[in-house]
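Hello,

Here is the structure I promised to pass on to you. Have a look at it first, and then read on for what turned up in it.

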Amino acid sequence: MIKKDKTPMISPDEAVALVLGQSFLMGIETVPLLEAAFRFLATDIISDVDIPPFDNSAMDGFALVASAIRGASKENPVSLPITGEAKAGDMETKVSSQSAIRIMTGAMLPSGADTVVPVEDTSESDGMAIFYGSAKPGANIRRAGEDIRRGMKVLRRGDRITPAVMGILASLNIPRVEVFKKPDIAIIATGDELAEPGTELLPGHIRNSNAYALYGEVLKCGGTPHYLGIARDSREDTERLLQEASRCDIIITTGGVSMGEYDFVPEVLTALGVHIIFETVKMKPGKPCIFGVSHVHDAKKLFFGLPGNPVSSLVSFMQFVRPALLSLMGARKIRKPEAHATLREKITKKKGRTHFVRGFFSIEGEKISVATTGPQGSGILRSMHEANCLIILPAEKEVFEAGEDVVIQLINHEEIE
Ligand code: AMP
Ligand code: MG
């Protein structure tokens, strides 16, 4: 069979731009706060309350008027009668100018009080609190609204609902949250040689590892993965599974996109009406990598034909599928952070492709240095586990000396922009 002309090879940056150019927004749904964890806000959140709602004590101690103990010292302590107690949850109490109220952390500041002296700086005898130093007005008081002011835009559409955001939403009395729907992601493995974990391994066969690794990646991004199984190396089987997958929002295949006789993914995608936007990227690992779009009953679908080699499929997922998935979910931040690091060893490569080298960076003081994880074969999946970054080596450069500055992509760090 004569293979049709491929789309032009493009750079990884161009590929990301093309993918994001096709991205669309999932719909919105309202879910209970606990279910909103790690999803993305579909609306800005403007506070209609002050947090904290009232002035309260930051310490266990005594609330009083600072002027009452002006001039107190170790040598000349000042005693005040303890005229009441305020614990967290109590209604407001009152303090007169020459007395002290025993107060617990979080209790409403008694009216009249302008300072709290921590209990450890005092002593007590016969109903009197004894102070050994003066107090600053305002000390140890958490003011109403010092965290969040009424009317403030606290959170923005597209913010990830991190643990802190969960807490903020609870503080703001938002028990149900508007979030973007999670996209459904179909995962299809391809290859006659693949055996599922737990089944017999025939001679010449290997374990299907990619489907499981990609399943994990999808979960990590917040999508809902659907593993559809292995398409055997035939047009019919590939078509059968791709058709089944078309109910999902994003369809990922792995393998079957090289130039081999049994690489059916590109032609089946085309036969199914998928418009192929690119199919080769100037990168290593991951040169063959298909991206296409289709419309099924007006619903847009994104197709990613990832390479079969285990590292290639993961690196391609990270570079192209992850940003797409995040952008579908309305995320504001979809770029992994990059940093400059000093290379700890010499690396040489051929011209023409951007290399994503598995690396391990460490930070000493203000210096970041990076070493490779060792052999970079695209089947060496263990190195992906050992890596905490990808060293990005530009396409046109061949030699990178030890001590040179390189750019690393922090793959285990949250997106920053
Ligand atoms: P392909 O692009 O289908 O020729 O696959 C390239 C290489 O990746 C071959 O060595 C395949 O055996 C291997 N491979 C393909 N799919 C998987 C998979 N799901 N798990 C592990 N290795 C795979
Ligand atoms: Mg194959």
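A molecule sits in a pocket if more than half of its atoms lie within 2 Å of the pocket's grid points. By that rule, ligand 1 sits in the largest pocket. Please keep in mind that this is a predicted model.

Let me stay with the ligand for a moment. There are 16 residues around ligand 1, and the nearest of them are Glu193, Asn208, Gly256, Ser258 and Gly308. Sorted by class, this shell holds nine polar, four nonpolar and three charged residues. Strand 13 (184-190) and strand 15 (206-207) each contribute at least two residues to the shell.

With Asn309 the backbone takes part: one of its N or O atoms lies 3.2 Å from an oxygen atom of ligand 1. On its own, ligand 1 exposes 480 Å², and the protein buries 78% of that.

Next, the backbone. Most residues other than glycine have a negative phi, and most peptide bonds are trans. Against that background, a few places are worth a visit:

- Ile51 and Pro52 are joined by a cis peptide bond, with omega about -5°; Pro52 lies in the loop between strand 2 and strand 3.
- Lys284 and Pro285 are also joined by a cis peptide bond, with omega about 0°; Pro285 is in the loop between strand 19 (283-284) and strand 20 (288-296).
- Asp126, in the loop between strand 8 (122-125) and strand 9 (128-131), has a positive phi of about 50°. It counts as exposed because its relative accessibility is 79%.
- Asp298, in the loop between strand 20 and strand 21 (299-306), has a positive phi of about 75°.

Finally, two buried residues. Ser47 is found in the loop between strand 2 (45-46) and strand 3 (56-57), and its relative accessibility is 4%, so it counts as buried. Its side chain reaches the backbone oxygen of Val49 at 2.6 Å. Met384, in helix 7 (residues 382-386), is buried at 10% relative accessibility.

Enjoy exploring!

Definitions and conventions
Residues are numbered from 1 along each chain as its sequence is written. Chains are lettered from A and ligands numbered from 1 in the order in which they are written. This is a predicted model: local features need pLDDT of at least 70, side-chain atom pairs count only at pLDDT 80 or more; totals for chains, interfaces and linings use all residues. Side-chain values use heavy atoms; hydrogens and water are left out. A residue is near a molecule or strand if one of its heavy atoms lies within 4 Å of it. A polar contact is a pair of N or O atoms within 3.5 Å; within protein, one must be able to donate a hydrogen and the other to accept it, and residues adjacent in sequence count only if both atoms are side-chain atoms. Accessible areas come from the Shrake-Rupley method with a 1.4 Å probe; for residues, only the protein chains shown count as cover. On a 1 Å grid over the protein atoms alone, a cavity is a set of points where a 1.4 Å probe fits but cannot get out, and a pocket is an open set with protein on both sides within 12 Å along at least five of seven lines; lining residues have an atom within 4 Å of a point. Helices (H or I, at least four residues) and strands (E, at least two) are DSSP runs, numbered from the N terminus. Ala, Val, Leu, Ile, Met, Phe, Trp, Tyr, Cys and Pro count as nonpolar, Asp, Glu, Lys and Arg as charged, and the others, Gly among them, as polar. Buried means under 20% relative accessible area, exposed over 50%, partly exposed in between (1.4 Å probe, protein chains only).
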